[in-house]
Amino acid sequence: MQIMKTFFYLRIFESLSYIVTMIYQVVSDLKVFGLFFTILIVLFSMVFAVIGVGNTNIAGDLADFAAAIECGEEDEPENFPFEEYDSIGLLAGNLITTLRVALGDFDFDPSQYVTLEENYLYWIVWLIVVIMTCIIFLNFIIAEASNSYQTVKDNLTALVMKERASLIAEAEGQIPDNYK
């Protein structure tokens, strides 16, 4: 919240007013896209949860591997699959994993611990996630942000004057009535 207030007061300076105005405009234009992106991430993470990615309670290679480690039959590896998400739970772990895939951080470990049929399904869903979120959606957001920047640039003088007028009005509103 403090960063928003800092940006709000940075509009006073002429050289920073342009940047701050652009940031506000782009963020306000991208709210709908952010909501849609969040819905996509949640949807795809639920699909991965249905497949059983990272779930040691579902019969399969990952459950067998985890049981063998608990019984002491195998040495615990340095990087047990999905161990980075142990403290936050499987649902949040799937959300973060899906977000990482959507942003281009490809980790193929989950495909090693599902059955053959689930592996095929995993790769189909993974491909859809990459195409929908990483390729199409993020490029669409970049194009929309560029459009917002261009709109602000075209109307920059009017927007800066409007921002200054609102700052003056706020400053005058702070003056007690007996000093006016």
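**Note on helix packing and aromatic contacts in a predicted model**

1. Setting aside residues within four places in sequence, leucine 30 is in contact with Ile141, Glu144 and Ala145. The model in which these contacts occur is predicted. Leucine 30 is located in the loop between H2 and H3, and its relative accessibility of 18% makes it count as buried. Its C-alpha atom is separated by 9.8 Å from that of isoleucine 142, although the two residues are 112 residues apart along the chain.

2. The helices on either side of this loop are H2 and H3. Helix H2 covers residues 14-29, and its axis comes within 4 Å of the axis of H3, with a crossing angle of roughly 45 degrees. This angle makes H2 oblique to H3. On the H2 side the contact is made by Val27, Ser28 and Asp29, and on the H3 side by Lys31, Val32 and Phe33.

3. The length of H2 agrees with expectation: at 1.5 Å a residue its 16 residues should span 22 Å, and its end C-alpha atoms are 23 Å apart. The buried residues in H2 are Ser17, Val20, Thr21, Met22 and Val26. The cover over these buried residues includes helix H1 (2-10), H6 and helix H7 (156-174).

4. Because phenylalanine 33 lies in helix H3 and phenylalanine 140 in helix H6, the pair ties together parts that are 107 residues apart in sequence. Phenylalanine 33 is buried, at a relative accessible area of 16%, whereas phenylalanine 140 is partly exposed, at 41%.

5. A further pair consists of phenylalanine 37 and phenylalanine 137, which are stacked, with 5.4 Å centre to centre and 10 degrees between the planes. Here phenylalanine 37 belongs to helix H3 and phenylalanine 137 to helix H6, so the pair ties together parts 100 residues apart in sequence. Both phenylalanine 37 and phenylalanine 137 are buried. Not counting residues up to four places away in sequence, phenylalanine 137 touches Phe33, Phe36, Phe37, Leu40 and Met132. Ring pairs also link Phe48, Phe106, Tyr122, Trp123 and Trp126 into a cluster.

6. The largest nonpolar core has 21 residues, of which Leu30, Phe48, Val129 and Phe137 touch the most other members. At least two residues of this core are supplied by each of H3, H5 and H6. The helix that gives the most is H6, with 9 residues.

7. Phenylalanine 48 takes part both in the ring cluster and in the largest nonpolar core. Its place is in helix H3, and at 4% relative accessibility it counts as buried. Beyond residues up to four places away in sequence, phenylalanine 48 touches Val53, Asn94, Thr98, Tyr122, Val125, Trp126 and Val129. For one of these, valine 125, the C-alpha to C-alpha distance from phenylalanine 48 is 7.8 Å, while the two residues are 77 residues apart in sequence.

8. Serine 45 also lies in helix H3. The relative accessible area of serine 45 is 1%, so this residue is buried. Excluding residues up to four places away in sequence, serine 45 touches Asn94, Leu95 and Thr98. Asn94 and Thr98 are likewise among the contacts of phenylalanine 48.

9. Asn94 and Thr98 are buried residues of H5, as are Gly93, Thr97, Val101 and Ala102. Helix H5 runs over residues 90-102; its 13 residues reach 18 Å from first C-alpha to last, close to the 18 Å expected at 1.5 Å a residue. The buried residues of H5 are covered by parts that include helix H3 (31-51) and helix H6 (116-154). Just after H5, glycine 104 takes a positive phi of about 100 degrees.

Key. Residues numbered from 1 in each chain as written. Predicted model: local features only at pLDDT ≥ 70, side-chain atom pairs only at ≥ 80, totals over all residues. Heavy atoms only, no water. Expected span 1.5 Å × (residues − 1). Buried < 20%, exposed > 50% of the residue type's maximum accessible area, 1.4 Å probe, protein only. Contact = heavy atoms within 4.5 Å. Phe/Tyr/Trp six-rings, centres within 6.5 Å; stacked < 30°, edge-to-face > 60°. Core = buried A, V, L, I, M, F, W, Y, C linked by side-chain atoms within 4.5 Å. Axes fitted to C-alpha atoms, helices over the stretch in contact; angles between N-to-C directions. Parallel < 35°, antiparallel > 145°, perpendicular 65-115°, else oblique.
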